[in-house]
Structures are given as structure tokens and as C-alpha cells.
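Q: I would like to learn how to read a structure feature by feature. Could we go through one together, starting with its charged pairs?

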Amino acid sequence: MGQDHIRYDILAQDALRGVIRKVLSEVAATGRLPGDHHFFITFLTGAPGVRISPALKSKYPEQMTIVVQHQFWDLKSTDTLFEIGLSFNDTPERLVIPFNTIRGFYDPSVNFELEFEVPMVEEGEVSAEITAIPVDTTPKVVDADAATGEDKKEGSVVSLDSFRKKQ
């Protein structure tokens with residue numbers, strides 16, 4: 001097998017992150033989610049460019065999952081990141097999340113899930129390391145019809161593992 005000089009793996013990752021960019025841009029433009037759609041977004045909290053409060057960072061030092069559903073505000077989406085206001089235990093927070101730090105995106109209303117292999121980042125590492133995707137890493141589109149259906153509290157942080165099929 002020949003060497004992949006085109007880097008299809010990186011192109012595919014970027015294309016799938018474009019789905020998230022497009023969806024969040026449309027929600028930002030209208031200010032609301034269409035129908036029953038809502039999102040679970042898992043991201044690396046220590047990655048370069050991520051801005052969260054020290055309280056959230058200490059509670060979730062490696063990664064966290066946010067739920068974008070009924071109560072969010074000031075959603076803004078650019079080519080490289082999104083910003084959102086959410087409430088955690090009745091405390092308003094402003095989060096800035098670069099798209100290349102997202103490890104998972106899940107919309108349980110239609111059982112749509114994207115997973116990304118994003119390496120964990122040690123404190124002080126440079127952002128170029130998080131964008132370097134190994135050659136054998138490929139994004140996965142997962143059929144998530146095994147969602148648990150458990151009621152989640154608004155603003156709660158949950159693990160996407162509760163929605164994945166058990167093997």
C-alpha cells in the first residue's frame with residue numbers, strides 16, 4: 001500500500017467537523033434549536049484555545065460534555081471555534097471551544113453521533129500537537145440507536161458512554 005500524501009484522514013476529520021460548524025452556525029443565526037434537536041458535545045478542557053472558568057476546569061481537568069438544549073445564550077460560531085453561554089448549578093458560564101478540541105458530538109433526537117480521535121493534551125503543550133492526527137485515525141459516524149433514554153438535567157455534564165452501544 002502506498003503512502004497517503006493527500007492525508008485523507010485529516011480531510012475527513014475536517015469535513016465532519018464542518019457538519020458541527022454548520023449546525024451550530026444555523027442555531028446561532030436563529031437563536032434556537034429546530035424541533036426536538038439537542039446536542040451533547042464532548043471536548044478537551046485543557047486544550048489550547050479552550051476557555052472555561054477555573055471552577056469548571058478544576059472539576060473537569062481533562063474533558064467535559066455540555067448539553068445544548070433549552071437554556072443557552074449568546075451562541076457564536078466561527079470557522080475555528082464556538083462560544084456559548086450555559087448555566088452550571090445556577091451559575092452562568094461563558095465557554096469558548098475550538099472545533100479541533102471536540103471529541104464527540106451527539107444529537108439523540110435523531111440518533112446521530114460523530115466521534116473524533118483527539119489526543120489528550122498535557123498542560124503547556126502547543127496547539128499544533130492537537131491538530132496532528134495519526135495516519136491510521138479515522139472519524140467514526142456511529143448509529144446510536146441504543147440511547148438510554150434516561151432523563152438528563154439541563155446543564156448537567158454527562159458521559160457519552162451512557163449513549164453508546166455496549167459490546
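This is a predicted model: local features need pLDDT of at least 70, side-chain atom pairs count only at pLDDT 80 or more; totals for chains, interfaces and linings use all residues.

Q: How many salt bridges does the structure hold?

A: There are four salt bridges. One of them joins Glu 26 and Lys 22, at 2.9 Å from N to O. Another is formed by Asp 9 with Arg 7, where the closest N and O atoms are 3.0 Å apart.

Q: Why can the side chains of Glu 26 and Lys 22 meet?

A: First the general idea: an α-helix has 3.6 residues a turn, so residues three or four places apart point the same way. Now the case here: Glu 26 and Lys 22 are four residues apart in helix α1 (residues 8-30), and are therefore separated by about one helical turn. On accessibility, Lys 22 is exposed at 51%, while Glu 26 is partly exposed at 45%.

Q: And what is the accessibility of Asp 9 and Arg 7?

A: Asp 9 is buried, with a relative accessible area of 5%, whereas Arg 7 is partly exposed at 26%.

Q: Which residues of α1 are buried?

A: The buried residues in α1 are Asp 9, Gln 13, Leu 16, Arg 17, Ile 20, Arg 21, Leu 24 and Val 27.

Q: What does α1 lie across?

A: Helix α1 lies across β3 and β4, and runs at about 140° to β3.

Q: In what order do the strands of that open sheet come?

A: To read a sheet, follow the pairing from strand to strand. Here three strands form an open sheet in the order β3-β4-β5, with antiparallel pairing. The edge strands are β3 (73-77) and β5, each of which pairs on one side only. From one strand to the next, the twist averages 20°. Between β3 and β4 there are three bridges, and Lys 76 has Glu 83 in β4 as its bridge partner. That brings us back to Glu 83, the salt-bridge partner of Arg 94.

Q: Which strands does β6 pair with?

A: Strand β6 pairs antiparallel with β1 over four bridges, and four bridges also join β6 to β7, again antiparallel. β6 is mostly covered, with five of its six residues buried. In the hairpin of β6 and β7, four residues lie between the strands, and Asn 111 takes a positive phi near 50°.

Q: Where does Ser 109 lie, and which residues is it in contact with?

A: Ser 109 is in the loop between β6 (102-107) and β7 (112-115). Leaving aside neighbours within four places in sequence, Ser 109 is in contact with Asp 36, His 37 and His 38. A lesson here is to compare sequence with space: Ser 109 and His 37 are 72 residues apart in sequence, yet 5.4 Å apart from C-alpha to C-alpha. Their side chains are joined by a polar contact of 3.3 Å. A polar contact of 2.6 Å joins the side chains of Ser 109 and Asp 107.

Q: Is His 38 buried or exposed?

A: His 38 is buried, at 14% relative accessible area, and is found in the loop between α1 and β1 (39-44). The His 38 side chain reaches the backbone oxygen of Asp 36 at 2.9 Å. Leaving aside neighbours within four places in sequence, the contacts of His 38 include Leu 33, Val 68, Tyr 106 and Ser 109.

Technical notes: Residues are numbered from 1 along each chain as its sequence is written. Side-chain values use heavy atoms; hydrogens and water are left out. Buried means under 20% relative accessible area, exposed over 50%, partly exposed in between (1.4 Å probe, protein chains only). Helices (H or I, at least four residues) and strands (E, at least two) are DSSP runs, numbered from the N terminus. Contact means heavy atoms within 4.5 Å. A polar contact is a pair of N or O atoms within 3.5 Å; within protein, one must be able to donate a hydrogen and the other to accept it, and residues adjacent in sequence count only if both atoms are side-chain atoms. Two strands pair if DSSP finds at least two bridges between them. Axes are lines fitted to C-alpha atoms, for helices over the stretch in contact, and angles run from 0 to 180 degrees between N-to-C directions.
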